[in-house]
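User: Can you take me through some helix packing and chain contacts here? I have the file open.

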Number of protein chains: 4
Amino acid sequence: MSRRITVGVIGCGYWGPNLIRNFVENEAAELSWICDRDARRLEMVGRRYPFARRTRDYGELLADARLDAVAIATPVATHYEFARAALRAGKHVLVEKPFTTSVREAEDLIGLAERGGLVLMVDHTFVYTGAVRKIKEIVERGELGELLYFDSVRINLGIFQTDVNVVWDLAPHDLSIMDYVVGRDPLAVVANGSCHIEQGIENIAYVMLRFDDSFIAHFHFNWLSPVKIRRTLIAGSRRMIVYDDIEPTEKVRVYDKGVTREVNGDKETAYQTLVSYRTGDVWVPKLDSTEALKHVCAEFLSAIGEKRRPLTDGEAGLRVVRLLEAAQTSIASGGQPVRLR
Amino acid sequence: MSRRITVGVIGCGYWGPNLIRNFVENEAAELSWICDRDARRLEMVGRRYPFARRTRDYGELLADARLDAVAIATPVATHYEFARAALRAGKHVLVEKPFTTSVREAEDLIGLAERGGLVLMVDHTFVYTGAVRKIKEIVERGELGELLYFDSVRINLGIFQTDVNVVWDLAPHDLSIMDYVVGRDPLAVVANGSCHIEQGIENIAYVMLRFDDSFIAHFHFNWLSPVKIRRTLIAGSRRMIVYDDIEPTEKVRVYDKGVTREVNGDKETAYQTLVSYRTGDVWVPKLDSTEALKHVCAEFLSAIGEKRRPLTDGEAGLRVVRLLEAAQTSIASGGQPVRLR
Amino acid sequence: MSRRITVGVIGCGYWGPNLIRNFVENEAAELSWICDRDARRLEMVGRRYPFARRTRDYGELLADARLDAVAIATPVATHYEFARAALRAGKHVLVEKPFTTSVREAEDLIGLAERGGLVLMVDHTFVYTGAVRKIKEIVERGELGELLYFDSVRINLGIFQTDVNVVWDLAPHDLSIMDYVVGRDPLAVVANGSCHIEQGIENIAYVMLRFDDSFIAHFHFNWLSPVKIRRTLIAGSRRMIVYDDIEPTEKVRVYDKGVTREVNGDKETAYQTLVSYRTGDVWVPKLDSTEALKHVCAEFLSAIGEKRRPLTDGEAGLRVVRLLEAAQTSIASGGQPVRLR
Amino acid sequence: MSRRITVGVIGCGYWGPNLIRNFVENEAAELSWICDRDARRLEMVGRRYPFARRTRDYGELLADARLDAVAIATPVATHYEFARAALRAGKHVLVEKPFTTSVREAEDLIGLAERGGLVLMVDHTFVYTGAVRKIKEIVERGELGELLYFDSVRINLGIFQTDVNVVWDLAPHDLSIMDYVVGRDPLAVVANGSCHIEQGIENIAYVMLRFDDSFIAHFHFNWLSPVKIRRTLIAGSRRMIVYDDIEPTEKVRVYDKGVTREVNGDKETAYQTLVSYRTGDVWVPKLDSTEALKHVCAEFLSAIGEKRRPLTDGEAGLRVVRLLEAAQTSIASGGQPVRLR
C-alpha cells in the first residue's frame with residue numbers, strides 16, 4: 001500500500017490507549033485523531049502522541065475528509081451511535097466488543113457498511129491470541145475428531161459493573177472464541193443467573209447453547225468467585241483440549257484421550273467391552289506470544305487495504321450479540337430455552 | 001449397648017466389601033450374613049470372613065430372625081425390592097446411594113420404615129468425610145455470612161455406565177453434600193445434557209437449582225473430560241470456601257473474601273464507591289482423615305441402638321432422588337425448568 | 001523354562017509382603033518359603049499363602065536343597081549376613097536397597113556371587129518404574145543432547161528412622177535413578193547435613209557429585225519439610241526433563257528448551273547475541289503404569305533362567321553404596337570433598 | 001521535614017527508571033538529576049521528567065552543591081567508584097544490589113559514610129516486599145519456634161550474563177532475605193557450581209551456609225532450568241513457612257507442622273514413640289502488595305531525614321558481599337569449605 005491509512009480513535013479510557021499504541025506502531029497506519037469527552041484524559045493520552053489531533057467532539061473527527069478509519073473504544077451503549085455516524089461519514093470502523101447492545105443495532109450497522117463498501121470489524125481480541133489461533137489450527141486439521149462439547153469457566157472476584165451484567169461483561173470473550181473455533185450456529189440458549197449485589201444486574205450466570213446434534217456448549221460467568229479460573233475444555237472424539245488462560249506459558253494442552261464406541265449385534269451382553277477409553281501423551285504446543293491487539297490492528301488495516309472482510313467482521317459481532325440477547329431473555333424468564341430463529 | 005447388632009450385607013461388588021470391612025471392624029456390630037448372586041464373588045469375599053454365613057438368596061438372609069440390620073450395596077434398580085423386603089422382614093436398612101430410582105419408591109420405603117419403627121438410612125458417604133463435616137461446621141457457625149451460591153464440578157474420563165446416566169451416577173454425591181451443607185429445598189430444577197456415546201444415556205450434564213431467593217446452585221457432571229476436577233465453590237457474603245477433593249490433604253480452603261454493599265441516597269453518582277471488595281487471609285483447616293464409611297457404619301449402628309433417625313435418613317435420600325428425577329425430566333424436555341412440589 | 005524357580009522371602013515387614021505377592025503372581029516362580037523373626041508377622045502374612053513353608057530361622061530355609069533363590073527384605077544392617085549365607089548356600093539373591101552398609105560388604109558379596117555363578121541383584125525399584133524407563137529411553141535416543149546436570153529433591157515430613165540417617169533412607173532412590181539414567185561414575189562427593197531431632201542422625205542433607213567434566217549432580221534429602229516434593233530436573237543441551245513423582249499420571253515432562261552457544265572471533269562485542277535460548281513445545285509421554293516391583297521380580301527370575309546379569313546387579317548396588325559411604329564421610333568432615341577411587 | 005531531599009539517579013538502564021519513578025512519586029523527594037553514559041537512553045527517560053537536569057558525566061551531578069542524595073543503578077563493577085565519589089562529595093548514597101564486587105570495597109564505603117555522617121543504603125529490594133516483611137514478623141513473634149533450616153531455590157531459563165556468574169546475579173536476593181529474616185552470621189560457606197555455556201561463568205550453583213549450631217542454609221541458583229521456581233522453605237521446630245514467589249497472591253504459607261522430641265531414660269526401646277510429628281492447619285496471610293521499591297525509597301529518605309541507619313545499610317550489603325565472595329572462593333576450590341572471619 002502506497003499511502004498510510006489514517007486512523008482516529010474514539011475513547012481514551014481503559015482500552016483506547018492500547019489501540020492507539022498499536023496503531024502508532026503499525027507501519028500501515030497513521031494515527032491522525034484521538035477523541036474523548038473527558039478533557040483531562042484526552043490531554044494525558046494525547047501528550048504521548050503530539051502528532052495526532054485531539055477533539056472532545058467526535059463529529060469534528062468524522063468531518064475530516066482525510067480520515068480513513070475509526071476505532072471505537074467507548075462504553076457499549078454508545079457503540080451504535082458512534083459506529084453509525086462513522087459509517088455514514090464513509091469511514092471504515094473497528095468496534096470494541098461487545099459489538100452493540102442489540103441484534104437490531106448490529107444488523108443496522110452491517111447493512112450500512114455493506115451499502116457503503118466499508119470495512120466493519122469487531123475487536124474480538126481473544127480470537128487473535130496465540131492460544132486461540134493454535135486451537136483453531138488443531139481443530140481445523142481435524143485432530144480432535146468430531147467435536148463433542150465446549151465448556152468454559154471465566155470466574156474471579158471481578159470489578160462490579162454498573163451498566164452491564166456479568167454476561168455482557170465476560171461472555172463476549174468466550175462466545176467469540178467458541179464462534180471462531182467451532183464455527184457453528186446454535187439453535188437455542190438456556191441461561192440462568194442471579195443478582196447478589198445489585199437488583200437487576202446478574203453477577204453470576206450459566207449459559208448453555210444447544211445445536212442441531214449432540215454438540216453442546218456451556219459457560220460459567222462469575223464476578224464473585226474467591227478464585228480466578230479461565231478454563232475451557234474442548235472435547236473431540238479423538239482428542240481433547242484444555243485451554244487454561246491463567247497459565248503463563250502452557251495455556252493449551254492437547255490430550256490424546258478419547259472414547260471408542262463400537263456397536264455390534266448383541267448389544268446387551270457385549271456392550272461394556274465395546275466402549276473403550278484411550279489415553280496417550282499430552283502435548284503442550286508453543287504459542288505465538290505476540291500481543292493479540294497487534295494482530296487485531298493489522299487485520300483491520302489489511303482488510304481495508306485489500307478491500308475484503310476482516311476475520312471478525314460485523315457478522316461475527318452480530319452472532320455474539322444475538323447470543324447475549326438470547327441469554328438475557330432466558331435469564332429474565334427464569335431459565336426458559338430461547339430458540340434462535 | 002449390651003448386645004452386638006447383627007448385620008447382613010447384600011451385594012459384594014465394588015462397594016459391598018468396604019461396608020463389610022467397616023462393620024467387621026466396628027465393635028457394636030456382628031457381621032452375620034453376606035449375600036451375592038454371583039457364587040464366585042461370594043466365595044472370594046466370604047473367605048476373608050469365615051464367621052459370616054453366605055447365601056446367594058437374600059430371602060434366606062431375611063428369614064434369619066436373629067438378623068437385626070441389612071446393608072444393601074447392589075445396583076440402584078434393585079434397591080427398592082431389597083429394601084422393601086428387608087423392612088417388611090423387620091430389619092433396619094442401610095441403602096447405597098442413590099436411594100431409589102424414583103420419588104415414589106423412596107416415599108414408599110420411608111412409610112414402611114416409619115410404620116415398622118425401623119431405622120432407614122442412605123449411605124451418602126461424602127456427608128461423613130472430614131472435608132464436608134468441616135464445611136458444615138463453618139457454615140453452621142455463620143462464618144460465611146449469607147450464602148450466595150453453590151457451584152460444583154465433578155468431571156473426569158469416567159467409566160461409562162450402561163444402566164444409568166452421568167446424573168444418576170455422579171450427582172448423588174454433590175446433591176447430598178449441598179443438601180447437608182445448605183439445608184434448603186430448591187424450588188425448581190433446570191438441567192441440560194447430551195449423549196455422545198450411547199443414545200439415551202447422557203455422559204455430560206449441567207444441573208441448576210433455583211431457590212426462593214437469589215441463592216443458586218449449579219452442577220457440572222461429565223464422564224468425558226480429559227482432566228479430573230472435583231471442585232465446589234460455596235460463596236457467602238463474608239467468606240467463601242473452595243472444596244477441592246483432588247487435593248490430597250488441603251481439600252478445604254476458606255477465603256476471607258467478600259463484597260460489601262452499601263446503598264445510600266444518591267445511588268446514581270455514588271454507587272461505584274459503595275460496592276467494595278474485601279480480600280484477606282486464606283485458612284486451610286486440618287481435616288479428620290478417618291475413612292468416611294467408618295462414620296457411616298457407626299451412625300447406622302448408633303441410630304439403631306438409640307432408636308433415633310440417622311443423619312442421612314430416608315428423607316435425605318428422598319430429597320436427592322427428587323432432584324435427580326426432576327433433573328432427568330428437565331433434560332428430557334430440552335432444558336425446561338421443572339418446579340418441585 | 002520347564003521348571004518354576006523356587007523362591008524364599010526373608011523379611012515380612014513393610015516391603016517383604018509386596019515381594020511375596022509379586023513372586024506369587026509370576027508364572028516363572030514358586031513361592032516355597034517365607035521367613036521372619038517375628039512369629040506374629042510370619043503367621044499373619046503366611047496365612048494368605050498356605051502353600052509356602054514358614055520359618056523364623058533363615059538357616060532352615062537356606063538348608064532346603066530344593067530352594068533356588070532368596071529375596072532379602074530386612075533392615076540394611078542384616079543384608080550382608082543374610083546375603084552371604086544365601087550365596088554360600090548356592091542360592092541366587094535379590095537384596096533390598098540399600099544393598100549393604102559398606103563398600104567392603106558389597107564387594108565381598110559380588111565376589112561370592114561371581115565365584116558361585118549366582119545371580120546377585122539389588123532391588124532398585126525406581127529403575128523399573130514406567131517414568132524412569134521412559135526417561136532412560138529418551139536419554140539413550142540422544143534427545144536431550146549433551147547432559148548438563150541432574151538435580152533431585154526428595155523431601156517431606158517423613159518418618160524418622162532410628163537406625164539410618166536421611167541419606168541412607170532416601171538417597172538410594174535418587175542415586176540409583178541417576179546411575180541408571182546417566183550411566184557415569186562421579187569423581188567426588190561433597191555432602192552436608194544437619195541433625196535437628198537426634199544427635200548423629202541427619203534429617204536433612206545435600207549431596208553433590210562432581211564428574212570429570214562440567215556435568216554435575218545434586219540432591220536434597222529432607223525428613224522435615226512441610227511440603228512433599230519429589231522432583232528431578234535432567235537438563236541437556238537440546239532438551240530438558242522434569243520428573244515429578246508426585247503427579248498422579250503426568251510424571252515426566254520433556255521441555256523442548258535449550259541454549260545455543262556460538263563462539264566467534266570477536267567475542268567481546270558479539271557475545272550476547274551468540275548465546276540464544278530456545279523454547280518450544282512440551283511433551284508429556286504416556287507411561288507404563290505396571291507396578292515396578294512386578295518388573296523387578298521378572299528381571300530377577302529371567303536373569304536366573306538366562307544365566308545372565310540382571311539390570312540392577314551387585315555392581316549397581318555397589319556404585320550406590322560407594323556414593324552413600326562417601327556422602328557420609330563428607331558430612332562427617334563438615335563438607336570436605338571426598339574423592340572416589 | 002520542611003525541605004524536600006534532592007535526589008540524583010545515576011544509571012537509566014533496567015532498574016534506574018523504577019527508582020526515578022518512585023522518587024518522583026515520593027513527596028519527601030525532589031528528583032533533580034538523572035545521569036547515564038548513553039545519550040539516547042538519557043534522552044528517552046529524561047523526556048518524562050522535564051524538571052530534572054540531565055548529564056552524561058556523573059561528576060557534573062556530584063558537583064551540584066544543592067544535591068543531597070544519589071541513587072546508583074549501574075553495573076556492579078562501577079558501584080564502588082560511583083559510591084565513593086558520591087560519599088566524598090558529601091552525598092547520601094543508595095546503591096543497587098549487589099553492593100560491591102568485594103568485601104574490601106564494601107568496608108571502604110562503610111568507613112567513608114561513617115566518617116562523613118552520611119546515609120549509606122543498599123537496595124535489597126526483596127527485604128521490602130510484603131511477603132518477606134510478613135515472614136520477618138512471623139519469625140520475630142517466635143511463631144516458628146527454634147529455626148532449623150532455610151532452603152531456597154531460585155531457578156529459571158535466565159538471561160545469561162557476561163559480566164557476573166549466577167551467584168552474583170541471583171544470590172543477593174536470597175542471601176539478603178536470609179540475612180534479614182534469620183539475622184545470624186554464618187561460620188562457613190561451601191559452594192559448588194558448573195559452567196555449561198561459557199568457561200569461567202557458572203550458570204548453576206549450590207551454596208551452603210553453616211552456623212555455630214545445627215541451623216543450616218542452602219541455596220540453588222540456576223540459569224538453565226526448564227521451569228521457573230522461586231521457593232524458600234523456612235522450617236522451625238513449631239511451624240514451617242513455604243514462601244513461593246511465583247504465586248500471584250498466596251506467596252506465604254504457614255504450616256502448623258512440627259516435630260516433638262522427648263528423650264527419656266530408656267531410649268532404646270521407647271524412642272520411636274517419643275518423636276511425634278504434628279500437623280495442623282495451614283494459614284495463608286494476606287500480604288501488603290505495595291511495590292517494594294516504594295518502601296526502599298521511603299526508607300532511604302526517612303533515614304536521611306531522621307539521621308539514622310537505614311534497615312538495609314552498608315553493613316547489610318557487606319554481609320551479603322562477604323557471602324558472595326566466600327561462595328566464589330569455595331566454587332573455585334572445587335567445593336572446599338571457606339570459613340568466615
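**Helices and chain contacts**

Analyst: B:G334, with a positive phi near 75°, follows helix 10 of chain B (helices are DSSP runs of H or I, at least four residues, numbered from the N terminus). This is a predicted model, where local features need pLDDT of at least 70, side-chain atom pairs count only at pLDDT 80 or more, and totals for chains, interfaces and linings use all residues. Residues are numbered from 1 along each chain as its sequence is written, and chains are lettered from A in the order in which they are written.

User: Is helix 10 of chain B mostly covered or exposed?

Analyst: Mostly covered, with 15 of its 19 residues buried (20 or more other C-beta atoms, placed from the backbone, within 10 Å of a residue's own).

User: OK, chain A. At what angle do helix 5 and helix 10 cross?

Analyst: In chain A, the axes of helix 5 (residues 103-116) and helix 10 (residues 314-332) cross at roughly 170° and come within 9 Å. Axes are lines fitted to C-alpha atoms over the stretch in contact, with angles from 0 to 180 degrees between N-to-C directions. The crossing makes helix 5 of chain A roughly antiparallel to helix 10 of chain A (over 145 degrees).

User: Switching topic: which chains do not touch?

Analyst: Chain B and chain C do not touch, and their nearest C-alpha atoms are 10 Å apart. Chain A and chain D do not touch either, with nearest C-alpha atoms 10 Å apart. Contact means C-beta atoms, placed from the backbone, within 7 Å.

Key: Helices (H or I, at least four residues) and strands (E, at least two) are DSSP runs, numbered from the N terminus. Angles under 35 degrees count as roughly parallel, over 145 as roughly antiparallel, 65 to 115 as roughly perpendicular and the rest as oblique. Two residues are in contact if their C-beta atoms, placed from the backbone, lie within 7 Å. A residue is buried if 20 or more other C-beta atoms lie within 10 Å of its own, exposed if 12 or fewer, and partly exposed in between; C-beta atoms are placed from the backbone.
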